[in-house]
Amino acid sequence: MNRKALKTTFLDTVPVLTGYLFLGAGFGILLGEKTGLGVGWAAIMALTMFAGSGQYLAVSLIADHASLISVAIATFLVNARHIFYGISLLTPYKGAGKKKTYMIFGLTDETYSLVTQNEPPEGMTRHTYCFLVTLFNHIYWIIGCSLGNLMSLLPISFAGVEFVLTALFVTMFVEQWLSHKNHLPAIIGVGSTLLCLLIFGQNIFLIPSMVMIALLLTISRKTGRRQDNV
Amino acid sequence: MYKIALIVVVALVTMSTRFLPFLIFGEKRKTPELILYLGKVLPCAIMGMLVVYCLKEVTPLAYPYGIPELLGIVFVALLHLWKRNSLLSIGAGTVFYMILVQVIF
């Protein structure tokens, strides 16, 4: 592994570095303000869960003293989208050996978008690249969550900091839009989710959205093939 | 004790969602073609889903009618189309939104 390839990998992860410092800080601040838990807890949660929306959810669950069963169900609903990520990476991650377990453990939204969008730099295998991206992101996340928890002690208003997550996904959405000729999947993604949010409400709409997206994409593949322009 | 149990449950459930496809479609079995196709088109659809997911708590029929979120998203998208610098789009977009909700709305 050469120094230049390592540097390119780091530069690729810089957007996530910023995103995670903000987003992790948001989590750390909330954890401190809502539950009174300190920096050790923030770091342990970042290390073992490594899930943005999952951890934000965990803060409210701790504050509400929710039962462990409802914790399990709510976490599954929020994180079920990861099942889709695994499906996309079955082939790219094939044969990654020992690194694979960690790469799957650390498969966050942001890691997923980096490894599906970027090509590994010259002189580095795809598996090593994906492993390093996962590891770098994990480190940024632990730092962000811990710093944020310390910042919750400062007398400043952080209202609105949670928008960093939206901004991150909007940026990635625009990137995907610009790099693909076929915009149908993107439109299906937005349309299905909006529709399911309206029908099912904000607590359970993710699962029906995913089912609808998978169905519509499958149907669009068949019609696409018939028209001979897959 | 409750907090430790909660952390273990959240970590295990999160991991199960990430490992599930790899456990079902192992390295040795051949992955069905439909699953491979979905793997290719899903990234675009998922980014759209995640944007909407972030907006689930917006109240379009009550004050502030989702205006700060709408302005924030338009700001981020335009800035990104113009400069194509993710770092700038995310950082400036978040600060823009924070100013909107703290000062104006």
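A crossing of two helices is left-handed if the near helix is turned anticlockwise from the far one by less than a right angle, and right-handed if clockwise. In these terms, the crossing of α9(A) and α2(B) in the predicted model is left-handed. The model as a whole scores ipTM 0.83 and pTM 0.75.

Confidence was examined chain by chain. Chain A averages a pLDDT of 88, with 97% of the residues scoring at least 70. Within chain A, the lowest mean pLDDT among the elements, 83, belongs to helix α4 (residues 68-79), and the highest, 96, to helix α2 (residues 39-48). For chain B the mean pLDDT is 89, and 100% of the residues reach 70 or more. Among the elements of chain B, α3(B) has the highest mean pLDDT (96) and α2(B) the lowest (84).

The interface between the chains brings 59 residues of chain B into contact with 72 residues of chain A. On the chain B side, the elements that give two or more residues are α1 (2-24), α2 (33-54), α3 (67-83) and α4 (86-104). The most is given by α2(B), with 20 residues.

Two packed helices are described by the angle between their axes and the distance between the axes. Helix α9 of chain A (residues 163-179) and α2(B) have axes that come within 9 Å and cross at roughly 155°. Angles over 145 degrees count as roughly antiparallel, and α9(A) and α2(B) are therefore roughly antiparallel to each other. The handedness of this crossing is left, as stated above. From α9(A), the contact is made by A:Leu165, A:Thr166, A:Phe169, A:Val170, A:Met172, A:Phe173 and A:Gln176, and from α2(B) by B:Pro43, B:Cys44, B:Met47, B:Gly48, B:Leu50, B:Val51 and B:Cys54. Eleven of these residues are nonpolar and three are polar, with no charged residues.

For helix α10 of chain A (residues 184-200), the axis comes within 7 Å of that of α2(B), and the two cross at roughly 35°. The crossing of α10(A) with α2(B) is right-handed. Residues of α10(A) in the contact are A:Pro185, A:Ala186, A:Ile188, A:Gly189, A:Val190, A:Thr193, A:Leu194 and A:Leu197, and they meet B:Val41, B:Cys44, B:Ala45, B:Ile46, B:Met47, B:Gly48, B:Met49, B:Val51, B:Val52 and B:Tyr53 of α2(B). This contact comprises 15 nonpolar and three polar residues, and no charged ones. B:Cys44, B:Met47, B:Gly48 and B:Val51 of α2(B) take part in the contact with α9(A) and also in the contact with α10(A).

Chain A is divided into domain 1 (3-161) and domain 2 (180-230). The C-alpha centres of the two domains lie 26 Å apart. Contact between them involves four residues of domain 1 and four residues of domain 2. On the domain 1 side, three of the residues are nonpolar, none is polar and one is charged.

Within chain A, helix α1 (residues 3-35) packs against helix α8 (residues 126-151), with axes that come within 6 Å and cross at roughly 30°. This angle makes α1(A) roughly parallel to α8(A). The crossing of α1(A) and α8(A) is right-handed. By class, their contact contains 20 nonpolar residues, eleven polar residues and one charged residue.

Backbone geometry was also inspected in chain B. Most residues other than glycine have a negative phi, and most peptide bonds are trans. The peptide bond that joins B:Tyr63 and B:Pro64 is cis, with omega about 0°. B:Pro64 is found in the loop between α2 and α3 of chain B. B:Tyr65 lies in the loop between α2 and α3 of chain B and has a positive phi of about 60°, although it is not a glycine.

Key: Residues are numbered from 1 along each chain as its sequence is written. Chains are lettered from A and ligands numbered from 1 in the order in which they are written. This is a predicted model: local features need pLDDT of at least 70, side-chain atom pairs count only at pLDDT 80 or more; totals for chains, interfaces and linings use all residues. Two residues are in contact if their C-beta atoms, placed from the backbone, lie within 7 Å. Helices (H or I, at least four residues) and strands (E, at least two) are DSSP runs, numbered from the N terminus. Axes are lines fitted to C-alpha atoms, for helices over the stretch in contact, and angles run from 0 to 180 degrees between N-to-C directions. Angles under 35 degrees count as roughly parallel, over 145 as roughly antiparallel, 65 to 115 as roughly perpendicular and the rest as oblique. Ala, Val, Leu, Ile, Met, Phe, Trp, Tyr, Cys and Pro count as nonpolar, Asp, Glu, Lys and Arg as charged, and the others, Gly among them, as polar. pLDDT is the predictor's confidence in each residue, from 0 to 100. Domain bounds come from an automatic or database domain assignment.
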